[in-house]
Amino acid sequence: MANPMRNLRDRTVLITGASSGIGRAIAERAAAEGARMALVARRKEQLDAVAERVRTLGGEAHVILCDVANRHAALACVEQAEEILGGVDVAVINAGVGRHRTLVEHDLDDAERLLRVNVLGALYFAHALAPRMLARGEGWMVFMASIAGLLPVPGEAVYSASKFALVGLAEALSIELEPSVHVLTVCPGAVRTDFVRDDELDRMPASAQSSAIEPEEVARATLDALAEGRTRVIVPGKLGVAVALRGVAPGLVRSGTARALAPILKRAKRPAE
Ligand code: NAP
């Protein structure tokens, strides 16, 4: 059920992963609309710089340092944000990490950590915020998933698994929590942020690298989708064609994906035979 959030003026917004990339771009856009924000991440210097920029743009900003993968820290962060802002209207659950690794290349501790940040981190915030929003009778939750949560991506299977989990959580919640709480799932393709480490750039297909978009485009699509009361946005929109095709011809999409990723998978390290 559509529940549009048309303007963020004087609305309270909590953004996880606000210290760089997409989270930072969303904070800046929300600032221009006059939002009051809690900016959450681990790197203090970067967060302080985003907060300063938010204030310059006309928003209100409070910095909360938090490792979202730590359950107690995440719950304390929500309490603190609620106290400072007097309630959270909009939660942008965006913090995340990625790894371009095949499963056999993935160190198990690192894989577990990735799932903890991307999935459990999101769960902690959603679990703490949902009852409060329901009690107030309104709220908006935005989950920053990925196209890798709608189309399986070989070469980053663990990351893809984390984003499939996030899409499942978000899209089930969007029905569980309606009509008072509106849930939006955002699925970007490749975005030019610090997310992909320099040593991993050649692990992305050339087509993904050349069609990568700026974080500001994701921020615009996210706030536009909220204003339109949408429950899912894929950005850029053209990636939606592959998602729709997978629904009707999964074998075709599977073989196309295998062909596109073959050179990268061939270069991936194999365990000694
Ligand atoms: P980014 O610039 O690296 O930003 C990631 C943000 O997450 C940073 O603010 C980082 O802050 C925060 N973060 C990471 N681990 C955290 C933790 N344990 N606790 C708290 N904060 C943590 O990358 P981005 O591209 O903007 O990524 C944002 C989201 O978009 C992620 O969920 C990612 O999966 C998704 N996404 C990205 C792309 C892409 O191609 N870039 C595509 C699709 C989806 P600190 O390091 O300061 O903690």
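Helices, counted where they run for at least four residues, and strands, counted from at least two, are DSSP runs numbered from the N terminus. On that basis P179 sits in the loop between α5 (157-176) and β6 (181-188). The model is predicted. Its chain holds nine helices and seven strands, and 31 residues surround the ligand.

**Overall form**

- The chain has 273 residues and a radius of gyration of 18 Å; a compact globule of that length would have one near 19 Å, so the two agree.
- Taken along the principal axes, the C-alpha atoms fill a box of roughly 60 × 40 × 30 Å.
- Of the 273 residues, 40% are buried.
- Among contacts between residues at least 6 apart in sequence, 71% join residues at least 24 apart.

**Ligand shell**

- The closest of the 31 residues around the ligand are G17, G21, R42, R43 and G96.
- By class, the shell divides into 15 nonpolar, twelve polar and four charged residues.
- Helix α1 (residues 21-32) gives the most to this shell, with three residues.

**Nonpolar core**

- The largest nonpolar core has 75 residues, and L39, F125 and V142 have the most contacts inside it.
- Helix α4 (residues 108-136) supplies the largest share of this core, ten residues.
- Beyond its neighbours within four places in sequence, L39 is in contact with I15, A18, A27, L47, V50, A51, A61, H62 and V63.

**Residue A61**

- A61 belongs to strand β3 (residues 60-65).
- A61 has 25 C-beta neighbours inside 10 Å and therefore counts as buried, since the cut-off is 20 or more.
- Not counting residues up to four places away in sequence, A61 touches M37, L39, A51, V54 and R55.
- A61 and A31 are 30 residues apart in sequence, and their C-alpha atoms are 8.5 Å apart in space.

**Residue L129**

- L129 lies in helix α4 and is buried, with 22 other C-beta atoms within 10 Å.
- Leaving aside neighbours within four places in sequence, the contacts of L129 are V78, V88, A91 and M141.
- L129 and E79 are 50 residues apart along the chain, with their C-alpha atoms separated by 9.2 Å.

**Residue G98**

- G98 is in the loop between β4 (90-93) and α4.
- G98 is buried, with 21 other C-beta atoms within 10 Å.
- Outside the four places on either side in sequence, G98 is in contact with E156, Y159, F195 and V196.
- From G98 to V158 the C-alpha distance is 8.7 Å, at a sequence separation of 60 residues.

**Strand β6**

- Eight of the eight residues of β6 are buried, so this strand is largely enclosed by the rest of the structure.
- In a regular strand the side chains alternate between the two faces of the sheet.
- In β6, V181, V183, T185 and C187 point one way, while H182, L184, V186 and P188 point the other way; all are buried.
- Strand β5 (residues 139-144) pairs with β6 in the parallel sense over six bridges.
- Within this pairing, M144 stands opposite V186 in β6.

**Backbone exceptions**

- Most residues other than glycine have a negative phi, and most peptide bonds are trans.
- The peptide bond from E178 to P179 is cis, with omega near 5°, and P179 is in the loop between α5 and β6.
- V235 and P236 are also joined by a cis peptide bond, with omega about 0°.
- P236 is found in the loop between β7 (232-235) and α8 (240-248).
- D10, a residue other than glycine, has a positive phi, near 65°.
- D10 is in the segment before β1 (12-16).
- D10 counts as exposed because it has 11 C-beta neighbours inside 10 Å, and the cut-off for exposed is 12 or fewer.

Key
Residues numbered from 1 in each chain as written. Predicted model: local features only at pLDDT ≥ 70, side-chain atom pairs only at ≥ 80, totals over all residues. Near = placed C-beta within 6 Å. Nonpolar A, V, L, I, M, F, W, Y, C, P; charged D, E, K, R; others polar. Rg over C-alpha atoms; globule rule 2.2 N^0.38 Å. Contact = placed C-beta atoms within 7 Å. Core = buried A, V, L, I, M, F, W, Y, C linked by C-beta atoms within 7 Å. Pairing = 2+ DSSP bridges.
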